[in-house]
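Work through the exercises below with the sequence and the model side by side. Each task is followed by a solution that goes step by step.

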Amino acid sequence: MASPTGGVKPMSLEGRLYRERERLSGMTSEERAWRAKFLKDQILSPNEPRHVPEMYTELYNPIRRAYRKPLDAFGKLLEPVMGVTAAQYTRYFAGKFLMTVAVLYAGTYYLKYNANDWTRKGGWRVVANRPAVFPGNPGFPAAPERTHPSDYASRGFKNAPI
(Lines give C-alpha, C1' and ligand atoms only; values in the text may rest on other atoms or scores of the structure.)
Protein backbone atom coordinates (compact mmCIF):
# COMPACT_ATOMS: atom_id res chain seq x y z
CA MET A 1 0.00 0.00 0.00
CA ALA A 2 1.37 3.41 -0.99
CA SER A 3 1.96 6.07 1.62
CA PRO A 4 2.91 9.74 1.29
CA THR A 5 6.08 9.16 3.30
CA GLY A 6 7.21 6.00 1.52
CA GLY A 7 6.58 3.76 4.52
CA VAL A 8 8.73 5.88 6.84
CA LYS A 9 7.02 7.42 9.84
CA PRO A 10 6.98 11.21 9.47
CA MET A 11 8.95 13.18 12.01
CA SER A 12 9.75 16.81 12.58
CA LEU A 13 13.26 17.83 11.57
CA GLU A 14 13.11 20.77 13.98
CA GLY A 15 12.81 18.54 17.00
CA ARG A 16 11.53 20.24 20.12
CA LEU A 17 12.68 23.65 18.86
CA TYR A 18 9.74 24.16 16.48
CA ARG A 19 7.84 25.80 19.36
CA GLU A 20 8.86 29.32 20.24
CA ARG A 21 8.29 28.65 23.93
CA GLU A 22 10.82 25.78 23.85
CA ARG A 23 13.41 28.00 22.21
CA LEU A 24 12.86 30.75 24.77
CA SER A 25 13.12 28.37 27.73
CA GLY A 26 16.77 27.86 26.96
CA MET A 27 18.85 26.32 24.21
CA THR A 28 22.29 24.82 24.50
CA SER A 29 25.04 26.11 22.22
CA GLU A 30 24.82 22.84 20.27
CA GLU A 31 21.06 23.32 19.76
CA ARG A 32 21.61 26.95 18.81
CA ALA A 33 24.16 25.94 16.12
CA TRP A 34 21.85 23.19 14.86
CA ARG A 35 18.93 25.66 14.70
CA ALA A 36 21.01 28.19 12.74
CA LYS A 37 22.04 25.46 10.28
CA PHE A 38 18.40 24.31 9.97
CA LEU A 39 17.18 27.84 9.20
CA LYS A 40 19.96 28.35 6.64
CA ASP A 41 18.94 25.11 4.91
CA GLN A 42 15.38 26.39 4.50
CA ILE A 43 16.51 29.18 2.17
CA LEU A 44 16.09 28.13 -1.46
CA SER A 45 18.67 28.94 -4.09
CA PRO A 46 17.71 31.52 -6.75
CA ASN A 47 17.16 28.82 -9.40
CA GLU A 48 14.63 26.91 -7.27
CA PRO A 49 12.13 25.46 -7.96
CA ARG A 50 13.55 23.71 -11.01
CA HIS A 51 11.22 23.11 -13.94
CA VAL A 52 11.83 19.68 -15.44
CA PRO A 53 9.76 19.23 -18.65
CA GLU A 54 9.99 15.43 -18.49
CA MET A 55 8.12 15.44 -15.15
CA TYR A 56 5.02 16.79 -16.92
CA THR A 57 4.95 13.87 -19.36
CA GLU A 58 5.63 11.38 -16.57
CA LEU A 59 2.98 12.69 -14.18
CA TYR A 60 0.10 13.22 -16.63
CA ASN A 61 -1.26 10.57 -18.99
CA PRO A 62 -1.74 11.37 -22.71
CA ILE A 63 -5.50 11.91 -22.43
CA ARG A 64 -5.10 14.40 -19.60
CA ARG A 65 -2.31 16.20 -21.45
CA ALA A 66 -4.58 16.43 -24.52
CA TYR A 67 -7.51 18.08 -22.75
CA ARG A 68 -5.17 20.38 -20.80
CA LYS A 69 -3.38 21.57 -23.94
CA PRO A 70 -5.77 24.46 -24.88
CA LEU A 71 -5.62 26.06 -21.43
CA ASP A 72 -1.87 25.41 -21.18
CA ALA A 73 -1.41 27.31 -24.46
CA PHE A 74 -3.63 30.10 -23.09
CA GLY A 75 -1.46 30.23 -19.95
CA LYS A 76 1.74 30.40 -22.03
CA LEU A 77 0.31 33.37 -23.94
CA LEU A 78 -0.45 35.17 -20.68
CA GLU A 79 2.94 34.55 -19.00
CA PRO A 80 4.85 37.40 -20.70
CA VAL A 81 2.00 39.82 -20.00
CA MET A 82 0.95 38.87 -16.45
CA GLY A 83 3.86 36.93 -15.03
CA VAL A 84 4.09 33.22 -14.25
CA THR A 85 2.06 33.14 -11.03
CA ALA A 86 -0.78 35.36 -12.26
CA ALA A 87 -0.94 33.39 -15.53
CA GLN A 88 -1.20 30.12 -13.60
CA TYR A 89 -4.03 31.50 -11.45
CA THR A 90 -5.82 32.86 -14.52
CA ARG A 91 -5.43 29.52 -16.32
CA TYR A 92 -6.78 27.67 -13.29
CA PHE A 93 -9.82 29.89 -12.78
CA ALA A 94 -10.54 30.11 -16.51
CA GLY A 95 -10.80 26.31 -16.59
CA LYS A 96 -13.13 26.26 -13.58
CA PHE A 97 -15.24 29.04 -15.12
CA LEU A 98 -15.56 27.17 -18.42
CA MET A 99 -16.56 23.96 -16.62
CA THR A 100 -19.17 25.86 -14.60
CA VAL A 101 -20.61 27.44 -17.76
CA ALA A 102 -20.71 24.03 -19.47
CA VAL A 103 -22.56 22.47 -16.52
CA LEU A 104 -25.04 25.37 -16.42
CA TYR A 105 -25.69 25.13 -20.17
CA ALA A 106 -26.12 21.35 -19.97
CA GLY A 107 -28.50 21.70 -17.02
CA THR A 108 -30.51 24.41 -18.77
CA TYR A 109 -30.74 22.32 -21.93
CA TYR A 110 -31.84 19.27 -19.96
CA LEU A 111 -34.49 21.16 -18.00
CA LYS A 112 -35.78 22.93 -21.11
CA TYR A 113 -36.06 19.93 -23.42
CA ASN A 114 -36.89 17.18 -20.91
CA ALA A 115 -39.88 18.70 -19.16
CA ASN A 116 -42.52 16.49 -17.60
CA ASP A 117 -45.68 16.80 -19.68
CA TRP A 118 -48.41 14.50 -20.90
CA THR A 119 -46.26 13.11 -23.77
CA ARG A 120 -43.60 11.50 -21.58
CA LYS A 121 -43.33 9.52 -18.39
CA GLY A 122 -40.19 11.09 -16.90
CA GLY A 123 -38.51 14.46 -16.79
CA TRP A 124 -38.52 17.43 -14.45
CA ARG A 125 -41.89 18.68 -13.35
CA VAL A 126 -41.98 22.41 -12.65
CA VAL A 127 -45.08 23.67 -10.85
CA ALA A 128 -45.68 27.40 -10.38
CA ASN A 129 -47.48 28.53 -7.27
CA ARG A 130 -50.35 30.98 -7.42
CA PRO A 131 -49.54 34.46 -6.17
CA ALA A 132 -50.54 35.18 -2.58
CA VAL A 133 -53.60 37.43 -2.26
CA PHE A 134 -54.28 38.97 1.14
CA PRO A 135 -57.35 40.79 2.47
CA GLY A 136 -57.26 44.41 1.36
CA ASN A 137 -55.39 43.65 -1.88
CA PRO A 138 -57.20 44.18 -5.17
CA GLY A 139 -58.70 40.94 -6.41
CA PHE A 140 -59.45 39.54 -2.96
CA PRO A 141 -60.93 36.96 -2.69
CA ALA A 142 -58.98 35.50 -5.56
CA ALA A 143 -61.14 34.04 -8.27
CA PRO A 144 -60.28 30.39 -8.78
CA GLU A 145 -58.48 29.86 -12.06
CA ARG A 146 -59.40 26.19 -12.03
CA THR A 147 -63.10 25.48 -12.04
CA HIS A 148 -63.46 22.15 -13.90
CA PRO A 149 -61.95 18.81 -12.86
CA SER A 150 -60.09 18.68 -16.19
CA ASP A 151 -58.14 21.79 -15.14
CA TYR A 152 -56.21 19.82 -12.53
CA ALA A 153 -53.17 17.64 -13.35
CA SER A 154 -53.53 18.06 -17.11
CA ARG A 155 -49.73 18.34 -17.49
CA GLY A 156 -50.16 20.53 -20.56
CA PHE A 157 -52.68 18.34 -22.38
CA LYS A 158 -55.33 21.07 -22.67
CA ASN A 159 -52.82 23.41 -24.37
CA ALA A 160 -51.50 20.76 -26.81
CA PRO A 161 -51.63 21.76 -30.51
CA ILE A 162 -53.08 18.39 -31.59
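This is a predicted model: local features need pLDDT of at least 70, side-chain atom pairs count only at pLDDT 80 or more; totals for chains, interfaces and linings use all residues.

**Exercise 1.** With which residue does arginine 68 form a salt bridge, and how far apart are the closest N and O atoms?

Residues are numbered from 1 along each chain as its sequence is written, and side-chain values use heavy atoms, with hydrogens and water left out.

Step 1. A salt bridge is a side-chain nitrogen of Lys or Arg within 4 Å of a carboxyl oxygen of Asp or Glu. Arginine 68 meets this criterion with aspartate 72, their closest N and O atoms being 3.9 Å apart.

Step 2. Both residues belong to helix 4 (residues 62–82), where they sit 4 residues apart, about one turn of the helix; helices here are DSSP runs of H or I with at least four residues, strands are runs of E with at least two, and both are numbered from the N terminus.

**Exercise 2.** Find which residues are joined with aspartate 72 into one salt-bridge network.

Step 1. Aspartate 72 also meets the side chain of arginine 91 in a salt bridge, at 2.9 Å from N to O. This pair links distant parts of the chain, with arginine 91 in helix 5 and aspartate 72 in helix 4, 19 residues apart. Arginine 91 counts as buried because its relative accessibility is 16%.

Step 2. For the remaining pair, look at lysine 76 and glutamate 79, whose side chains meet in a salt bridge of 3.9 Å, N to O. They both lie in helix 4, 3 residues apart, about one turn of the helix; lysine 76 is exposed at 55%, and glutamate 79 is partly exposed at 27%.

Step 3. Shared partners join Arg68, Asp72 and Arg91 into one network, and a search of the whole structure finds 3 salt bridges.

**Exercise 3.** Determine which side chain makes a polar contact with the side chain of asparagine 116.

Step 1. Asparagine 116 is located in the segment after helix 5 (84–113).

Step 2. Taking contact to mean heavy atoms within 4.5 Å, and not counting residues up to four places away in sequence, asparagine 116 touches Lys121, Gly122, Gly123, Trp124, Arg125 and Arg155.

Step 3. The polar partner is the side chain of arginine 155, at 2.9 Å; a polar contact is a pair of N or O atoms within 3.5 Å, where, within protein, one must be able to donate a hydrogen and the other to accept it, and residues adjacent in sequence count only if both atoms are side-chain atoms.

**Exercise 4.** Is the chain spread out or compact, judged by its radius of gyration?

Step 1. The chain has 5 helices and 0 strands.

Step 2. Its radius of gyration, taken over C-alpha atoms, is compared with a globule rule of 2.2 Å times the number of residues to the power 0.38. The value is 33 Å, well over the 15 Å that the rule gives for 162 residues, so the chain is more spread out than a compact globule.

Step 3. Along its principal axes the C-alpha trace spans about 95 × 45 × 45 Å, and buried residues make up 9% of the 162 residues.

Key: Buried means under 20% relative accessible area, exposed over 50%, partly exposed in between (1.4 Å probe, protein chains only).
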